[in-house]
Amino acid sequence: MTAVDDAGGRVDLGTARTGSMAIVRMMVGRNVRGIRRQPATFIPTLVMPIFFVITFSGAFGFAGRVFGNGNALSWYAPMAIIQGAAFAGVTIGFSTARDFETGFFDRFLLAPMSRLTLIGGALGAAVLRSVFTTTAVLVVATIGGVAVPGGALGVLSLYLAALGVSIAAALWGLGLVYRVQSTNVGPIIQVGIFVSIFLSTAQVPIAAMSGWLASVARVNPMTNILRMARAGFVPDQIAPPAGFGVGWSEMWPGLVALAGTIVVLGLFAIRGMRRLTP
Amino acid sequence: MTGDTGQGDAIISATGLVRRFGDLVAVDGVDLAVRRGEVFGFLGPNGAGKSTTVRMLTTLLRPSGGTARVAGHDVVSEAGEVRRRIGVALQDAAIDPLMTGTELVRLQAVLFGIPNSIAQKRGADLLDRVGLTAAADRRVGTYSGGMRRRLDLALSLVHEPEVLFLDEPTTGLDPMSRMALWEEVRYLNRERGTTVLLTTQYLEEADQLAGRIAIIDHGRIVKKGVPRALKDEVGSPTLMIEVDADQRVAAEVLARYGTERTVDSGMLGIGLEGGAQQLTSVVRALDDAGITVVHMELNAPTLDDVFAEATGRRLEGADETESDVDAPPPTPDRTEDDPSAVTEGQSGDEPPRRRRRSAPLRAS
């Protein structure tokens with residue numbers, strides 16, 4: 001199979017290799033265009049975390065002492081950011097489900113490229129969306145008076161946690177969508193995310209929990225991810241460092257939790273993708 | 001079966017291709033051989049297994065049994081190589097309504113690793129060929145059905161495939177758009193040597209475009225060959241008569257002139273063995289029996305007759321609510337054991353039933 005290029009030379013398309021990075025860029029670009037042209041699909045994922053920051057910190061402001069530094073906003077802002085990142089991830093699952101329903105996904109499946117590239121493109125879009133939401137919520141929280149005593153390292157650990165969560169949530173959504181190939185799977189995707197977030201230290205520290213919820217929160221990987229996200233915002237509840245700051249002891253459990261979650265959900269998504277076509 | 005070709009010179013070949021969805025057999029041992037450079041028509045009613053077969057040949061669906069090769073590569077073990085060499089326009093134009101025509105062409109080029117310099121020129125040429133230059137920068141959501149189909153066709157050609165699969169390319173199109181698409185298919189085949197496998201439920205489409213056809217019904221190929229030869233096999237023309245008297249009496253009279261043929265309900269049909277010369281005798285005999293003829297027509301054998309001979313029912317105007325394996329998948333038939341892809345009550349392993357169409361269709 002050949003083609004004539006501009007200079008009249010023959011280009012062997014049979015051996016032309018599809019550039020994975022070009023495809024990832026193209027998929028991310030399509031997603032950004034989608035946001036621009038149909039903002040209604042993006043706005044809720046931006047508004048909801050901001051809404052959570054405002055309502056949760058307002059409602060629980062009286063109980064500031066519970067959160068370690070007397071400031072409910074510092075406790076809830078990282079949680080809302082993580083939630084926004086998770087929304088950003090699952091939105092990619094929803095848009096992929098729509099692509100299945102319209103048949104557009106066939107176009108990707110018919111292309112001679114690695115199936116991992118397809119997943120990579122989706123994750124790229126999830127990460128980009130989560131950067132938007134994380135930044136937006138952080139700005140709103142800062143305007144609202146949140147302090148980051150952990151400094152730049154604290155902000156970095158927050159972004160790291162958010163990006164990781166968006167990837168994990170996207171993999172969860174994609175894994176389900178590759179199997180069901182329909183937007184009907186949406187509620188299951190959301191339930192998974194809500195369960196994972198709200199059965200952790202999303203709302204209050206473990207010390208303030210009792211019974212089964214405390215037990216579940218202790219083993220829920222999200223607890224350590226939130227701990228990492230909050231490292232720069234509130235004193236650690238489990239192993240407080242000598243002085244306030246982001247300590248390795250707060251970071252590594254979160255990093256391990258993220259890595260483990262991403263590996264498990266990555267395998268889930270890859271296996272789902274492999275079921276689709278030969 | 002006539003017109004079969006050996007698998008040796010075939011650019012598309014399938015042997016014993018089977019696809020099951022749970023207990024349902026959507027494609028039941030299809031053997032197929034399409035020669036390089038031909039237009040091959042895959043004809044059958046909704047739910048016959050056309051699209052499922054195409055999805056297997058285009059690597060979108062894993063066969064449950066049998067083997068298939070396209071452009072020299074196995075559709076399962078060398079799926080990537082097959083994808084590189086084929087262009088596919090599926091039943092529902094797979095197009096993102098938020099993107100423009102130009103953006104979609106660019107996307108397709110990226111997916112196939114075509115350098116930007118080539119992609120730009122080729123994309124512009126293709127959009128021009130399908131008459132979409134003026135609409136190229138408009139969102140596809142604003143396109144008509146015909147424009148979407150033409151864009152889909154252009155997209156399937158961006159990487160200059162050796163083999164083009166068109167799954168019901170003109171379903172839902174107006175006559176003008178249909179003819180424009182036919183012309184494009186002819187051009188591709190004649191001028192560029194592209195092998196085309198097209199599925200259709202339109203007899204005229206298969207007759208107009210295909211050098212050879214295969215008729216599929218209930219997942220099995222029931223006839224294969226050159227359209228003219230298949231029609232010749234049917235032999236005598238079909239005489240269709242509507243009478244205002246007892247049909248049984250009329251049928252007894254008609255039986256003297258030929259064998260009964262499946263026609264629309266409310267009509268009587270025979271293969272008129274003596275041809276047009278016998279028409280006068282038939283009318284006279286009916287008149288002698290006191291039967292008034294309300295409507296009469298004599299048709300040379302068509303592919304519909306071929307289909308009726310093979311399956312016992314008519315394809316033209318067939319009830320589209322019939323079993324629907326091929327229906328565009330809201331929950332598509334990609335997963336290995338998804339029975340939802342097949343409508344209840346349809347089973348590919350049923351033998352072809354001989355029955356008349358229930359919906360009345362008045363011939364004119």
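Analyst: Ala71(B) is located in the loop that links strand S4 (65-70) to strand S5 (73-74) of chain B; helices (H or I, at least four residues) and strands (E, at least two) are DSSP runs, numbered from the N terminus. The model is predicted, so local features need pLDDT of at least 70 and side-chain atom pairs count only at pLDDT 80 or more, while totals for chains, interfaces and linings use all residues. Residues are numbered from 1 along each chain as its sequence is written, and chains are lettered from A and ligands numbered from 1 in the order in which they are written.

Ala71(B) counts as partly exposed because it has 19 C-beta neighbours inside 10 Å; a residue is buried with 20 or more other C-beta atoms within 10 Å of its own, exposed with 12 or fewer, and partly exposed in between, the C-beta atoms being placed from the backbone. Apart from neighbours within four places in sequence, Ala71(B) is in contact with Ile11(B), Val82(B), Arg85(B), Ile86(B), Glu162(B) and Val163(B), where contact requires C-beta atoms, placed from the backbone, within 7 Å. Phe21(B), 50 residues away in sequence, lies 27 Å from Ala71(B), C-alpha to C-alpha.

Ile86(B) has Val163(B) as its bridge partner in S7(B), and S6(B) pairs with strand S7 (residues 163-167) of chain B in the parallel sense over four bridges; two strands pair if DSSP finds at least two bridges between them. The open sheet comprises six strands of chain B in the order S6-S7-S8-S3-S9-S10, with mixed pairing. Its edge strands, S6 (86-89) and S10 (220-225) of chain B, each pair on one side only. Neighbouring strands are turned by 15° against each other on average, direction ignored; axes are lines fitted to C-alpha atoms, for helices over the stretch in contact, and angles run from 0 to 180 degrees between N-to-C directions. Helix H1 (residues 50-57) of chain B packs on this sheet, touching S3 (39-43), S7, S8 (195-200) and S9 (212-217) of chain B, and its direction makes about 150° with that of S7(B).

The domain assignment, which is automatic or from a database, gives domain 1 (10-226) and domain 2 (236-300) for chain B.

Conventions
Two residues are in contact if their C-beta atoms, placed from the backbone, lie within 7 Å.
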